[in-house]
Amino acid sequence: MALLAAARRAATSSLPLLRASTASLLRPLSAAAAARPMPFSSAAAVRPSSDDELLRVIKSEIKFAEDCDDQDRVEEIPENFPFKITDKKGLNEITLTRTYQGEKIEVLVSMPSLVTGDEAEHDQDEDDKENDDDQEDGEKAPKSTIPLTVTVSKSNGPSLEFTCTAYPDEIMIDTLSMKQPAANDDEELIAYEGPDFNDLDENLQRAFHKYLELRGISPFTTNFLHEYMINKDSREYLFWLNKLKDFVKQ
C-alpha cells in the first residue's frame, strides 16, 4: 500500500510538468500561425499605379473633348427636311424614315469618314511631288463622306436597296439590289439582285439618281447629315470615354 501511494504521488506531481512542456511546445506554433499572411479575401484591393495613370489620361482626354468639341450643340433641323430622325445614344448610326406616295423609305446613316484640311493638303503635296498631272487626269482630292443605306418598299412586296456614299454636294450610288420579302428560304437562295450599278447604262444610272432625289436623297439632305453626324461622332466619343472612366475607377 505504501508503494502504491508513493507511485500515485509521483505520477500526480509529474502532470504539471507535462502540461507546462506541452504548452511551451505549442506556443511557437501559435505565434507562427499568427504571423503567416492571410489568403486573398474579397476586401477591396489597392489599385495599381498604372491604373491611376490610365485614369488620369482618360480624364484629361475627357476635358479636352469637352473644351474642343460641340458635343452639347443641338442641330437645328431645317423646316423642309423630308425625314424623321431617330437617334439613339450609344449607337454609331441614325435612322431616317418617311413616306412618299405610298412608299416607305428608310435610310440608315453611319458615322462619317472624315478628311481634315491637313490631311487633304498633305495628300495633295504628295501627289504634286509624284505627278503633277494627277488633277489633269480627273482625280479628285479626298473629301469627307457618309455611308447611306436606302430602302424603298411598297406594302408587303419587294423592296429596292441602295448603298450610297454621300460627298459634300454629291451622292454616289455604289450598289442597287432588289430584296424579296422573306416568305421562304428558296426565294432568298435563288434571288438575282442585278448587275453592278456601274455596269448599267448611263441613262439608267442617271434615272436612279433622280429616283432617289425625288424621295429626299439629295445634296440638301446629305449636307445637313454631314454636320449632324460629325457632331454625333463627338458626342458618342465623349459618352464612350466616360463609360471607360467608370470602368477603370471600379
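The dialogue below moves from the overall fold to the strands, the turns and the surface.

Modeller: This is a predicted model, in which local features need pLDDT of at least 70 and side-chain atom pairs count only at pLDDT 80 or more, while totals for chains, interfaces and linings use all residues. Residues are numbered from 1 along each chain as its sequence is written, and side-chain values use heavy atoms, with hydrogens and water left out.

Biologist: How many helices and strands does the protein chain have, and which pattern does it follow along the sequence?

Modeller: Helices (H or I, at least four residues) and strands (E, at least two) are DSSP runs, numbered from the N terminus. The protein chain has six helices and six strands, and they follow one another as α-α-β-β-β-α-β-β-β-α-α-α.

Biologist: In which order do the strands form the sheet?

Modeller: Strands of a sheet pair through backbone hydrogen bonds, either parallel or antiparallel. Two strands are said to pair if DSSP finds at least two bridges between them. Here six strands form an open sheet in the order 1-2-3-4-5-6, with antiparallel pairing. At the edges are strand 1 and strand 6 (170-179), each of which pairs on one side only. Neighbouring strands are turned by 20 degrees against each other on average, direction ignored; the axes are lines fitted to C-alpha atoms, for helices over the stretch in contact, and angles run from 0 to 180 degrees between N-to-C directions.

Biologist: Over how many bridges does strand 2 pair with strand 1, and over how many with strand 3?

Modeller: Strand 1 (residues 84-86) and strand 2 (residues 93-100) are joined by three bridges, and Thr-86 stands opposite Thr-95 of strand 2. Strand 2 and strand 3 (residues 103-110) pair over eight bridges. In strand 3, Lys-104 is the bridge partner of Thr-99, and Glu-103 is that of Tyr-100.

Biologist: What should I look for in the turns?

Modeller: Most residues other than glycine have a negative phi, and most peptide bonds are trans. The hairpin of strand 1 and strand 2 has six residues between the strands, and Gly-90 in its turn has a positive phi of about 95 degrees. The hairpin of strand 2 and strand 3 has two residues between the strands. In that loop lies Gln-101, a residue other than glycine with a positive phi near 50 degrees. Ser-155, in the loop between strand 4 (146-154) and strand 5 (159-167), also is not glycine and has a positive phi, near 45 degrees.

Biologist: Why does Gln-101 count as exposed?

Modeller: Buried means under 20% relative accessible area, exposed over 50%, and partly exposed in between (1.4 Å probe, protein chains only). Gln-101 counts as exposed because its relative accessibility is 70%. Ser-155 has a relative accessible area of 72% and is therefore exposed. Of the 250 residues of the protein chain, 24% count as buried.

Biologist: Which residues make the nonpolar surface patch?

Modeller: Like charges are joined within 9 Å, and nonpolar side chains (Val, Leu, Ile, Met, Phe, Trp, Tyr) within 5 Å. Tyr-237, Trp-240 and Leu-244 make a nonpolar patch of about 280 Å². Leu-244 belongs to helix 6 (residues 219-249) and, at 31% relative accessibility, counts as partly exposed. Accessible areas come from the Shrake-Rupley method with a 1.4 Å probe; for residues, only the protein chains shown count as cover.

Terms used
Patches are made of residues with over 30% relative accessible area and no salt bridge: like charges are joined within 9 Å, nonpolar side chains (Val, Leu, Ile, Met, Phe, Trp, Tyr) within 5 Å. A salt bridge is a side-chain nitrogen of Lys or Arg within 4 Å of a carboxyl oxygen of Asp or Glu.
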